[in-house]
There are 2 protein chains.
Amino acid sequence: MNAAAIRRCLEGSGLRCTPQRYAVMAFLAECNRHPTAAEIFDAVNRMDPRSSRATTYNNLRDLVQAGLVREVAVEGRAARFDAKGMRHHHFICDRCGNVEDVEWYDVPRPASGTLGKRILRECELIFRGLCTKCAPRHAWR
Amino acid sequence: MNAAAIRRCLEGSGLRCTPQRYAVMAFLAECNRHPTAAEIFDAVNRMDPRSSRATTYNNLRDLVQAGLVREVAVEGRAARFDAKGMRHHHFICDRCGNVEDVEWYDVPRPASGTLGKRILRECELIFRGLCTKCAPRHAWR
DNA sequence: TTTCACATTAGAAATATTCTAAGGTCCTCA
DNA sequence: TGAGGACCTTAGAATATTTCTAATGTGAAA
Ligand SMILES: [Mn+2]
Ligand SMILES: [Mn+2]
Ligand SMILES: [Zn+2]
Ligand SMILES: [Zn+2]
């Protein structure tokens, strides 16, 4: 995603393209991992202009609300973020907490009626187990 | 679940049935909501004997490790817990963060090969949207 | 009985996130 | 041009959640 595309997707969501907000979005768009807010804060501050912690969190909140960024909660660990590129599922490692992308496939929705008056926005599928790095260590013990 | 059953399931998992641990498990087993650690701590301390915060967290950790309790991470909110009774999925409200049970149905696993050397333990399906209480407020605005 | 792994405790510490209050930027409309 | 106002950023304080520490207790096995 190039600079113009990032600017477009921010403004298309009604968000001003400030240097700080741009930097968060640009970092997430090029980042293939799932960084925490602290990692994003650090990365952004290696560039100019710098951004405060509050602004980093504010911008992450705004980007998530706008649907441009996804937040992944991991039990007992800081939240992780990714720019919503292609649809995909997530694999979360029981041992190291790493979040990895898994190729997307369609998930069957619940039978009509089971959700009652609730309004369904999305079905999220999360795989859990041991990642490639942690699986071998498991075999030893 | 009666007292004997709780004792059995703790000891069957190699955990001593201490009064504090029993109280956490008993509370979760009878609780149909998804309480936070703080709520569990409060509930347990309304009974005797009392339990410290550290012990409540330690016991929750042990129960999760033993597979008797499930922890649900909710973005931006404290973790929630439930005793794993019947298999079920979860609905998490975007607005109030409430976690609700949804009748279980089978989830298709990823095609063999997509997970590589990873070891898959479970597939978790999470529904997101607005709960029954929050859906109407949404219509107003 | 002694022993030892397992548990508990109060409070401190660490971690993660949000809030506050002050000021900056940039668009709009006279 | 410039006053007004919506939106944004900032440093650091405050809050919320979870884990750690170090001392002490408990109970089953030897
Ligand atoms: Mn991802
Ligand atoms: Mn549940
Ligand atoms: Zn791992
Ligand atoms: Zn709700």
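In the predicted model, the manganese ion (ligand 2) is coordinated by five side chains of chain B: B:His34 (NE2), B:Asp82 (OD), B:His88 (NE2), B:His90 (NE2) and B:Asp101 (OD). The distances run from 2.0 to 2.2 Å. Along the sequence, the donor residues follow the spacing H-x47-D-x5-H-x1-H-x10-D. B:His34 sits in the loop between helix 2 (19-30) and helix 3 (37-46) of chain B, whereas B:Asp101 belongs to strand 4 (residues 99-103) of chain B, so the pair ties together parts that are 67 residues apart in sequence. B:His34 has 3% relative accessibility and counts as buried, because the limit for that class is under 20%. B:Asp101, at 38%, counts as partly exposed.

Of the atoms of DNA strand D that come within 4 Å of the protein, 74% belong to sugar and phosphate.

Polar contacts to phosphate oxygens of DNA strand D involve both side chains and backbone. An N or O atom in the side chain of A:Arg21 lies 2.7 Å from a phosphate oxygen. For the side chain of A:Gln20, the corresponding distance is 3.2 Å. A:Ser52 places a polar backbone atom 2.8 Å from a phosphate oxygen. Helix 2 (19-30) and helix 4 (53-65) of chain A, together with helix 4 (53-65) of chain B, each give two or more residues to this surface. By class, the surface near DNA strand D has six nonpolar, six polar and five charged residues.

Key: Residues numbered from 1 in each chain as written. Chains lettered and ligands numbered in written order. Predicted model: local features only at pLDDT ≥ 70, side-chain atom pairs only at ≥ 80, totals over all residues. Heavy atoms only, no water. Donors = N, O, S within 2.8 Å, 3.2 Å for Na, K, Ca; no water. Helix = DSSP H or I, 4+ residues; strand = E, 2+ residues; numbered from the N terminus. Buried < 20%, exposed > 50% of the residue type's maximum accessible area, 1.4 Å probe, protein only. Near = heavy atom within 4 Å. Polar contact = N/O pair within 3.5 Å; in protein donor to acceptor, adjacent residues only side chain to side chain. Nonpolar A, V, L, I, M, F, W, Y, C, P; charged D, E, K, R; others polar.
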